[in-house]
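Have a look at it first, then read on with the structure open beside you.

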Amino acid sequence: MSTTHEEGSHGELSRIGDVMPDTLQILPLTDRPFFPAQAMPLVFDQEPWLSTFEQLYEQDRKLVGLVLYDGDTPGRPDTRRFADSGTIVRIHKVARDGDHIQFLAEGLRRFRVDKWLRGTPPLSARVSYPEEPGEPRDDELRAWAMSIISTIKELVPLNPLYSEELKFYLNRFSPNDPSPLADFAAALTNASREELQQVLDTFPLLERMKRVLVLLRKELEVAQLQASIQKQVEGQVSEQQRKFFLREQLKAIQRELGIAKDDREADVERFTERLAECEVPAAARKRIDDELDKLRVLESGSPEYAVTRNYLDVISSLPWGRYTEDRLDLERARRVLDRDHAGLEDVKKRILEFLAVGALKGRVSGSIVLLVGPPGVGKTSIGRSIAEALGRKFYRFSLGGMRDEAEIKGHRRTYIGAMPGKVIEALRESGSSNPVIMLDELDKLGASFQGDPASALLEVLDPEQNSAFLDHYLDVRFDLSRVLFVCTANQLDTIPAPPLDRMEVIRLAGYITEEKVEIGRRHLWPRLLERSGIQRGQVRISRAALRHVIEGYAREAGVRNTEKQLATILRKLAVELVEGRSGTVHIGVDDIETYLGKPLFRDEVSIEGVGVVTGLAWTAMGGATLNVEATRVHRGRRGFRLTGQLGEVMQESANIAYSHVSSRLAEFGAPADYFEDSSIHLHVPEGATPKDGPSAGVTMAVALLGLALDRRIPRPLALTGELTLTGRVLAVGGIREKVIAARRRRIPELILPEANRRDFEELPEHIREGIKVHFAQRFEDVVKCVFGSPRQRKLKRSAQ
């Protein structure tokens with residue numbers, strides 16, 4: 001319910017020339033100041049301003065001052081935050097509406113606050129009304145007024161609201177009166193409260209008109225820009241609507257003439273044409289026909305229509321019954337493999353054997369090949385070469401970090417945004433039912449609450465199951481039995497046993513330096529020249545320089561870092577060529593440090609001394625050499641200490657070696673009580689690197705025995721093998737990588753377990769060449785190879 005207090009004599013608009021009071025009640029404004037030329041409704045909260053309105057109602061003239069306040073207006077406003085000037089207004093049609101008071105404010109004249117008489121509601125202040133310097137008939141004022149009127153005329157057509165306010169102004173004032181004209185123009189703009197208050201504070205008329213014209217021109221520019229944007233948008237919308245109506249009319253005409261179909265019929269026809277070219281199994285065909293019948297009766301705008309259409313789009317684009325013919329020419333396959341890869345002769349041999357079986361059968365049946373090796377040895381490129389040799393399509397996707405089994409077997413169609421799995425997607429993109437699909441980074445497959453992708457791979461990789469592979473999205477069987485799957489991994493330890501059991505493992509060890517030089521010369525350097533835009537005749541690199549890059553800057557199992565270093569050289573050469581260097585650039589060994597800086601790797605210095613032995617280790621990055629050091633710290637108390645961040649398996653190997661050597665010291669010609677009163681420290685250098693594995697037992701035992709015998713190893717020698725408590729030497733893995741690591745260190749003599757003789761003899765001749773190998777079944781055989789027989793050791797001690 002609202003109550004209105006109104007006095008008929010004040011319903012008429014007041015005259016500006018009336019006598020104004022010296023003391024005024026004050027109401028605060030927070031958004032923008034009020035101008036004398038304005039008349040507009042205002043709303044105030046009853047609390048705390050009801051008392052002000054009650055006092056105003058007792059007045060005859062109903063005059064109040066409106067002053068801009070900097071901030072909110074709480075119950076006790078700070079008078080220091082009020083502006084210095086305001087506008088005296090007459091209030092009309094006061095009405096209560098809930099917690100608010102509404103009224104119509106009629107601006108009369110600007111005033112200046114001289115002194116605050118009361119600082120709490122109802123606020124009151126003593127005010128003055130300064131004169132406004134400027135003669136209305138002044139030519140300069142008239143010129144400014146005409147500029148303001150001209151700008152208003154430009155502004156009015158851009159916004160209908162301006163014309164309404166202009167009509168109201170003209171009913172109250174003459175357009176020839178510059179003071180209200182300036183105030184009206186300022187009130188039209190959307191300028192900031194600070195800019196508008198500056199206009200209100202400006203009493204000299206000419207200066208005020210200058211300020212107002214600036215604000216008015218800004219308002220005009222914004223309005224014109226807004227109108228331009230609106231016109232562009234309306235034009236685009238109108239054009240789109242016109243095209244839409246024309247298309248709809250065209251469709252209607254075509255349907256009447258029988259020369260066009262609607263979207264639904266077009267979709268059905270397109271899917272049917274695709275399937276007519278395929279050999280779809282009966283069960284899948286029945287499912288597709290059911291979905292086509294459903295599509296025919298659904299409305300094209302319904303959500304179910306979109307789901308069904310997407311499903312038919314996927315299932316009709318699968319290569320049902322389409323196979324590429326295998327090229328089973330072994331000579332061609334050998335040429336492709338030799339062209340793309342230098343070295344890896346044993347791997348190429350395995351691949352050719354695999355293709356030869358397919359040649360005898362007439363086709364290569366679906367198989368699963370697992371390529372295992374360190375990074376950068378060419379696993380992915382071998383997969384591409386296999387596809388090219390067979391003449392099949394190639395598709396690769398990475399399993400690294402995959403945690404959702406739906407990535408393999410798809411999402412069920414009940415989910416929004418459901419999609420088929422990666423395997424079905426590979427068949428769609430390749431357009432063949434027998435492509436070569438590479439599953440990269442198999443050893444980095446994850447698992448989560450969303451499922452186990454490794455288990456989902458079983459149905460894909462198992463030859464007994466993948467002839468009827470069921471993707472959750474398709475929900476029909478698809479034959480994967482003729483797909484050749486090539487998987488890659490850096491190590492076997494993290495691959496689950498069930499998928500691993502279904503794969504044929506081919507190991508790719510690292511390259512030796514000679515192989516890397518050949519790869520760099522035949523493959524990496526020409527490819528990098530092409531990428532950098534440098535002609536072959538502009539730069540040449542010698543074999544010696546290439547070898548220096550490999551041994552000094554990229555000592556790794558693969559060739560990835562070698563490629564990076566060569567790319568760095570070519571980038572710096574490109575700068576020289578662009579800056580004007582002419583002629584052919586010859587890069588020798590001495591030039592490498594100019595481009596790459598000091599070598600990152602130096603020749604490893606062999607550590608010699610009593611109790612120091614070189615072992616061989618395998619890592620995911622390839623083979624490596626590992627020094628083991630043993631020393632006696634003090635005498636008087638038995639002890640055995642291990643350092644070097646050794647894992648649990650390696651610590652057990654060290655304890656077994658210590659126990660075995662301690663129990664047989666006399667037999668090996670050392671003092672039987674050597675360890676009884678000695679504190680022994682065994683250390684594997686580079687303690688910041690974690691180390692673990694079962695192949696260091698023999699190496700540690702030799703280091704401890706050499707310490708007890710007080711003898712150093714007389715020649716460059718490296719060992720590997722696991723030792724049991726009874727002295728048997730057990731087989732270890734990674735023989736190829738370890739032999740390559742020994743060649744890299746130029747160690748000519750090795751001791752390997754007898755059980756690994758076959759692994760060594762299967763290595764290519766160029767890797768075994770120049771290396772003397774001893775095979776040991778028991779620890780006594782190792783001692784004999786390293787230190788000689790007991791009789792020989794006695795003769796040497798006598799000679800010394």
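Which residues of helix 14 (residues 422–430) are buried?

1. The buried residues of helix 14 are V423, I424, E425, A426, L427 and S430. Buried here means under 20% relative accessible area (1.4 Å probe, protein chains only). Helices are DSSP runs of H or I with at least four residues, strands are runs of E with at least two, and both are numbered from the N terminus.

2. A word on the source: this is a predicted model, in which local features need pLDDT of at least 70 and side-chain atom pairs count only at pLDDT 80 or more, while totals for chains, interfaces and linings use all residues. Residues are numbered from 1 along each chain as its sequence is written, and side-chain values use heavy atoms, with hydrogens and water left out.

3. What do those buried residues of helix 14 pack against? Their partners are strand 9 (394–398), strand 10 (436–440), strand 11 (469–470) and strand 12 (477–478), together with helix 13 and helix 15 (453–461). Just after helix 14 comes G431, with a positive phi of about 70°.

4. Next, please look at K409, which sits in helix 13 (residues 406–409). K409 has a relative accessible area of 13%, so this residue is buried. Leaving aside residues up to four places away in sequence, K409 touches G421, A456, E459, F469, L470, D471, H472 and Y473; a contact means heavy atoms within 4.5 Å. K409 and Y473 are 64 residues apart along the chain, yet their C-alpha atoms are separated by 7.7 Å.

5. Further along, helix 21 (residues 648–663) and helix 22 (residues 697–709) have axes that come within 8 Å and cross at roughly 40°. The two helices are therefore oblique to each other, a term for angles that are not under 35 degrees (roughly parallel), over 145 (roughly antiparallel) or 65 to 115 (roughly perpendicular). On the helix 21 side the contact is made by M650, S653, A654, A657, Y658 and V661, and on the helix 22 side by G697, M700, A701, L704 and L705. These residues divide into 9 nonpolar, 2 polar and no charged. Ala, Val, Leu, Ile, Met, Phe, Trp, Tyr, Cys and Pro count as nonpolar, Asp, Glu, Lys and Arg as charged, and the others, Gly among them, as polar.

6. Finally, the whole chain: there are 27 helices and 25 strands. Of its 800 residues, 47% count as buried. Among contacts between residues at least 6 apart in sequence, 75% join residues at least 24 apart.

Technical notes. Buried means under 20% relative accessible area, exposed over 50%, partly exposed in between (1.4 Å probe, protein chains only). Axes are lines fitted to C-alpha atoms, for helices over the stretch in contact, and angles run from 0 to 180 degrees between N-to-C directions.
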